[in-house]
Each structure stands twice: as C-alpha cells, then as structure tokens.
Amino acid sequence: MYNHLVSILIQVLSTTNQTKSGLLFVNKFLSSSELTMLAKRVGIALLLKRGYTYRSVMDYLKVSKGTVAKVAEIIHSNDQESQSILNKIIANKQIGEVLSKFDYYLDKLLPPKGGNWHEWRIRIE
C-alpha cells in the first residue's frame, strides 16, 4: 500500500510541472517543516554533486552530518536513475542560477577552515 501511495504522489507532483500550481499544491499538503526537510535534502544532493564538502553543506543548510551522509550515499550509489535526475536538475538554467548564488554565498559567508580569518572578515565587509 505504501508503495502505491508514493507512486500516486510522484504522479501528482509530476503533473503539477508548472511552478505556481506545483507550489500551491505542495504548500497545501505539506507542513513547512516537511517542505523544508525535502528542500534541504535536494539542496544537499545538488551541493554535493557540485563538489562541496560535508562541512560546508552542513554549515550552510544547517543539517547534521548523518543527513548529509545519507544523501551522499544515494548520490554515490550506482542508481543511474537518481544520477540522471540530479544531472537534469543541475543542467536546468534557473536552478543553475540558484546554485551559482549558493556558490557566491558559501564563498562569501563561510569562514575558511584553518585559513586567515582576518582577511575573510575584510573581504565580507
């Protein structure tokens, strides 16, 4: 029964491919914490695929090492379908722009590990 319900949910989400209707649907059926959890997991996957370290993902998205490890396990598995979906998401122009903002904010806002904090503070001011 669970697998059937998940299948139905995926079908419903794929039919709401327009951003506005999809967002309205998701906001009606998911609590803000559920939506945040799903968004963070997708964010973890995308950032890891772009080469970010566990630590930078944990610091920026405020998630645990266990959550990052669980998502990383999926990314590094031989599941070609998941890999294909993530690559399509990354290739999307709008999502690429958002990820570029992540690049900027991670570079600007997170202090360097073992680096010169004084220079970092000057750079962000």
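Modeller: Let's start with a word we will need: a residue is buried when its relative accessible area is under 20%. In this predicted model, buried residues make up 22% of the 125 residues in the chain.

Colleague: Thanks! What helices and strands does the chain have?

Modeller: There are 8 helices and 0 strands, so the pattern along the sequence is written α-α-α-α-α-α-α-α.

Colleague: Why is Ser56 called buried?

Modeller: The cut-off for buried is under 20%. Ser56 has a relative accessibility of 13%, so Ser56 counts as buried. This serine sits in helix α4 (residues 54-61), where Val57, Met58 and Leu61 are buried too.

Colleague: What makes the pairing of Ser56 with Thr53 a polar contact?

Modeller: The side chain of Ser56 reaches the backbone oxygen of Thr53 at 3.0 Å. The limit for such a pair of N or O atoms is 3.5 Å, so this one is within it.

Colleague: Why is Ile8 called partly exposed?

Modeller: Partly exposed lies between the two cut-offs, under 20% for buried and over 50% for exposed. Ile8 has 48%, so Ile8 counts as partly exposed. You will find Ile8 in helix α1 (residues 2-15).

Colleague: What makes the nonpolar surface patch that includes Ile8?

Modeller: Met1, Leu5 and Ile8 make that patch, of about 350 Å². A patch residue needs over 30% relative accessible area, and Ile8, at 48%, therefore passes that cut-off.

Colleague: Which residues touch the most other members of the largest nonpolar core?

Modeller: They are Ile44, Leu48, Val57, Leu61, Val68 and Ile75, out of 15 residues in that core. The elements giving two or more residues to this core are α3 (32-49), α4 and α5, and α3 gives the largest share, 5 residues. In soluble globular proteins, nonpolar side chains tend to be buried together.

Note on methods: Residues are numbered from 1 along each chain as its sequence is written. This is a predicted model: local features need pLDDT of at least 70, side-chain atom pairs count only at pLDDT 80 or more; totals for chains, interfaces and linings use all residues. Side-chain values use heavy atoms; hydrogens and water are left out. Patches are made of residues with over 30% relative accessible area and no salt bridge: like charges are joined within 9 Å, nonpolar side chains (Val, Leu, Ile, Met, Phe, Trp, Tyr) within 5 Å. Accessible areas come from the Shrake-Rupley method with a 1.4 Å probe; for residues, only the protein chains shown count as cover. A salt bridge is a side-chain nitrogen of Lys or Arg within 4 Å of a carboxyl oxygen of Asp or Glu. Helices (H or I, at least four residues) and strands (E, at least two) are DSSP runs, numbered from the N terminus. Buried means under 20% relative accessible area, exposed over 50%, partly exposed in between (1.4 Å probe, protein chains only). A polar contact is a pair of N or O atoms within 3.5 Å; within protein, one must be able to donate a hydrogen and the other to accept it, and residues adjacent in sequence count only if both atoms are side-chain atoms. A nonpolar core is a set of buried Ala, Val, Leu, Ile, Met, Phe, Trp, Tyr and Cys residues joined through side-chain atoms within 4.5 Å.
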